[in-house]
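Here is a note for a colleague who is meeting this structure for the first time. Please read the points below with the sequence and the model open beside them.

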Amino acid sequence: MNKKLNQILKETFQKLNYNYDPKVIKSNIEGIDFQCDDAFKLAKEYHKAPIIIAEEITNKLKELENFENYFKEVTPAKPGFINIIVSDKLINQSLKELINKDKFGIEKKEKTIVLDYGGPNVAKPLHVGHLRTAIIGQAINNMLKFQGNKTIADVHLGDIGAQMGQVIYGIINDFSNKKYEDIEFDLDYLNVTYPKISSLCKENEEIKKKCAKITKELQEGNKDYKILWEKIYKLSVSDIKSIYDYLDVHFDYWLGESDAYKQFPEMMKYLEDNNYIKIDDGAKVIDVKEEKDKIDMPPCIIQKSDGAYLYATSDLGTIWQRKKDFNPDEILYIVDARQSMYFTQIFRAAKKTNIYNGILAHYGYGTVNGKDNKPFKTRSGGALKLKDLIKEVKTEFINLREENKHMDEEDLDKIVNAILKFADLQNDLTRNYIFDIQKFSEVNGKTGPYILYTYLRINKLLTQNDGHLSDNIYNETDRALRLKLLEVTENLNMAINERKPHYIASYLYELSVIANNFYQNNHMTDLQDQIKNDYNIILSFNNLIIKTLLDLLGIHIPKSM
RNA sequence: GUCUCCGUAGCUCAGCUGGAUAGAGCAACGCCCUUCUAAGGCGUGGGUCGUAGGUUCGAAUCCUACCGGGGACGCCA
């Protein structure tokens, strides 16, 4: 509809010899649908008062033969606005077109995009810090897929870092009388051992060194350690997977740093051969300074002076591998914003060395903070485990009211997902947010359950319709709903192009408010056939939108609630 | 210190490619179930958009400075 209006305005501007590409915007003035503010822009160039131009344009518009097809009213206002009330006919025409369009008429794209939104460490449980990246990342993945892109999600496990050496050290100590092959332990053991050794390392330099040695030897391919590594990996990864599954977060590849390590010999040779590497204080670095830099950009260190590889090497190796295996147009990282300078270094290094010349982007999400505005910690000081968070939200929800105690498990889980995800996705991803478990038990107001409830109560009203929408609109709530439905394309485009799921969340909420308003004010019983048919068409379209957009956010609709 | 993100209602947040009277949720108060789910709807109160300048016909939005907060700044990830 906006397109249509823009076009009509453009023609009108041209008739008056104004050379400008006008745009209508949604008006927040009561009773006005759209406004065009471009008379102000023309005022300077043509040396006329904006209001004069606005009047000329409205007068010209009114001369249109088929004016009534498009407008109910067009009026110039005060300093130079042009206020537009569209005709019911235009609304319905636009709605009919939209309903027949594939994917709500969004812009299609066909790129290959790799997404990085996992990053859990093997041997450490998933905690709240992993929640945002998973939820946001999966939503962006869904959005990009919906747009037509081919997406490749890689969990990118931290599977060969310092924590592995520490856990192996712990195991060797606890099972000193057994052969590595015969050692057996379970998840609970792992969950205790890692924090134990990790804190030991902090107070005991000796142990820390031993663990580091194990890590280094593991990275270099020590076969004994590899035996234990595999046992740890199997246990931990299946646990990690089960939680991701619960959250409906999925990855096409379960690669990790250890896979990146496989790229090192080839990559390092390439870097050396092409003279991209400099020795600095005994370490191998890639210089990533640029003239325009406002700060003194440190070089990207890819091999420590003791010969060990580190995080940057592994990320560069991963890019190397992705280029080789997937040849993507873009690689997106949904990672904590605190790493933004680090990513600048990596991206520059990849570009400068011609390892990868496509688009590299870091969508830094804000830190999850506690009420003290410091990164969130539980009372005991650790990070809250995702498993515990989910359990708590679920219990809270079940206890909310009697009916919930009898709800079937599948529906329950869908609602818990909706609560968690919507609470997270309604915030702009780039900003910090205050984590409050209370927030995740909220089911009234701007929440996931509210949207689900809206869908379900409207779904019950739906009966057959013949697919032919009339040109009538029956009342104000009806009109408001139709106008809101028409906004779906614009909102989707914006969300997908900017990779900001919260635009979808907020549109969903606004649509639900209006749909509930409609529900309250229009009873489907005892209506004339024509009206009933029309309502069925717009309500089923309403629910199609809600369902589709919820899907994009990773939220699914329960059978009942 | 430098860079960076941020400061909007009591609390948590939208709005930021400039438009008219700054929006939600929660919390508070009031009203609406003989009619499709009240997990709902309607209404009331609540604001120097951190401060001060600047650009502009017009600034929460753009620019500058300052105040306040988070974060990052070479061998951690």
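**Notes on chain A and RNA strand B**

1. The residues of the surface near RNA strand B divide into 31 nonpolar, 25 polar and 16 charged. In this predicted model, 72 residues surround RNA strand B, and the closest are Phe40, Asp281, Lys304, Leu310 and Gly445.

2. Which helix gives the largest share of the surface near RNA strand B? That share, 6 residues, comes from α20. The elements that each supply at least two residues of this surface are α2 (38–46), β4 (81–86), β8 (283–286), α14 (340–352), β13 (433–434), α17 and α20.

3. For orientation, chain A has 21 helices and 13 strands, and its C-alpha trace spans about 90 × 65 × 40 Å along its principal axes. Of the 561 residues of chain A, 39% count as buried. Among the contacts in chain A with a separation of 6 or more, 74% are accounted for by residues 24 or more positions apart.

4. Helix α20 covers residues 501–521, and because each residue is taken at 1.5 Å, its 21 residues should span 30 Å; the end C-alpha atoms are 31 Å apart, which agrees with that expectation. The buried residues of α20 are Pro501, His502, Tyr503, Ile504, Ala505, Tyr507, Leu508, Leu511, Ser512, Ala515 and Phe518. What covers these buried residues includes α6 (128–146), α16 (409–425), α17 (448–459), α18 (476–485), α19 (488–498) and α21 (529–553).

5. In the largest nonpolar core, which has 134 residues, Ile334 and Ile504 touch the most other members. The largest share of this core, 10 residues, comes from α21. Both domain 1 (2–86) and domain 2 (162–246) give residues to this core, so the core lies between them. Not counting residues up to four places away in sequence, Ile504 touches Asn491, Leu492, Ala495, Leu549, Leu552 and Leu553.

6. Chain A is divided into domain 1 (2–86) and domain 2 (162–246), and the C-alpha centres of these two domains lie 69 Å apart.

7. Lys103, found in the loop between α5 (88–100) and β5 (112–116), has a positive phi, near 50 degrees. Ala123, placed in the loop between β5 and α6, also has a positive phi, of about 80 degrees, although it is not a glycine.

8. Is each of these residues buried, exposed or partly exposed, and why? Lys103 is partly exposed because 13 other C-beta atoms lie within 10 Å, whereas Ala123 is buried because 26 other C-beta atoms lie within 10 Å; a residue counts as buried if 20 or more are found there, and as exposed if 12 or fewer are.

9. The last point concerns Asp466, whose place is in the loop between α17 and α18. Asp466 counts as exposed because it has 9 C-beta neighbours inside 10 Å. Asp466 and Asn66 are 400 residues apart in sequence, and their C-alpha atoms are 28 Å apart in space.

Key. Residues numbered from 1 in each chain as written. Chains lettered and ligands numbered in written order. Predicted model: local features only at pLDDT ≥ 70, side-chain atom pairs only at ≥ 80, totals over all residues. Helix = DSSP H or I, 4+ residues; strand = E, 2+ residues; numbered from the N terminus. Expected span 1.5 Å × (residues − 1). Contact = placed C-beta atoms within 7 Å. Core = buried A, V, L, I, M, F, W, Y, C linked by C-beta atoms within 7 Å. Domains from an automatic or database assignment. Near = placed C-beta within 6 Å. Nonpolar A, V, L, I, M, F, W, Y, C, P; charged D, E, K, R; others polar.
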